[in-house]
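Hi everyone, thanks for coming. Let me put it on the screen.

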Amino acid sequence: MKNLENSYWRYMDCMDAAGLRELMDSYGQDVWNLAYVITRRHDLADDVTQDVFLKVYQSIASFRGASSIRTWLLSMTRNTAINYKRTAFMRRVLLVGRSASHDGESPSAEQEALRLAFTSELWNAVLELPVKLREVLVLHAKYELTTKEIADALGLPEGTVKTRLSRARKRMSSSWKGSAAYE
């Protein structure tokens with residue numbers, strides 16, 4: 001299925017509104033999330049996402065199919081977000097994930113408060129990592145990309161990706177062991 005999808009996008013000469021909507025529905029949240037992880041600002045993540053899909057609309061013909069459409073979009077997102085970050089004043093934000101209970105029951109107020117505190121503390125630790133470590137960790141853990149796909153998206157050798165991923169894991173492990181949530 002993935003190969004069929006990539007060959008479809010590879011041979012498009014121009015993007016129509018329906019095709020753009022399909023891409024945005026399929027990958028829009030992934031693009032926004034990665035933009036947010038890099039910029040740490042909701043407004044910049046919105047702008048980056050808009051710019052990425054505008055670029056896709058204008059340049060779908062440049063998609064060669066050497067990687068998956070998702071990898072191509074995430075690579076474009078990374079580059080656009082880094083450019084935004086270079087030109088914008090960055091302030092600290094907290095990312096609080098939202099997850100629904102899987103058993104159909106609503107968590108108690110205490111459980112929800114503990115979950116939010118745990119999530120906040122975890123994301124604080126992730127956001128404290130240098131960008132080059134943070135981006136490989138998020139691409140691997142959140143988006144479940146392989147080291148090859150991450151290397152393609154970031155334009156790096158696979159060995160560099162493996163090294164950065166290892167360093168990110170070690171830093172997270174050491175910072176997490178020193179926190180109150182670990183106990």
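Keep in mind that this is a predicted model. Let's begin at Val56. Leaving aside residues up to four places away in sequence, Val56 touches Met15, Leu23, Trp72, Leu73 and Met76.

So what does Val56 belong to? The largest nonpolar core has 43 residues, and Val56 is listed with Leu23, Ile69, Leu73 and Leu139 as the members that touch the most other members. Helices H2, H3, H4, H5, H6, H7 and H8 each give two or more residues to this core. The biggest contribution comes from H2, with ten residues.

Now to the helix that carries Val56. H3 has 18 residues and reaches 26 Å from its first C-alpha to its last, close to the 26 Å expected at 1.5 Å a residue. Which residues of H3 are buried? They are Leu44, Ala45, Val48, Thr49, Val52, Phe53 and Val56. Looking down the axis of H3, these buried residues fall within an arc of 165°, so they line one face of the helix. As a reminder, an α-helix has 3.6 residues a turn, so residues three or four places apart point the same way. On the other side of H3, Gln50 and Gln58 are exposed.

Asp30 sits in helix H2. Is Asp30 buried or exposed? Its relative accessibility is 18%, and because buried means under 20%, Asp30 counts as buried. The Asp30 side chain makes a polar contact with the side chain of Arg70, at 3.4 Å. Setting aside residues up to four places away in sequence, Asp30 touches Arg70, Leu74 and Tyr143.

How values were computed
Residues numbered from 1 in each chain as written. Predicted model: local features only at pLDDT ≥ 70, side-chain atom pairs only at ≥ 80, totals over all residues. Heavy atoms only, no water. Core = buried A, V, L, I, M, F, W, Y, C linked by side-chain atoms within 4.5 Å. Buried < 20%, exposed > 50% of the residue type's maximum accessible area, 1.4 Å probe, protein only. Helix = DSSP H or I, 4+ residues; strand = E, 2+ residues; numbered from the N terminus. Contact = heavy atoms within 4.5 Å. Polar contact = N/O pair within 3.5 Å; in protein donor to acceptor, adjacent residues only side chain to side chain. Expected span 1.5 Å × (residues − 1). Arc of directions from axis to C-beta.
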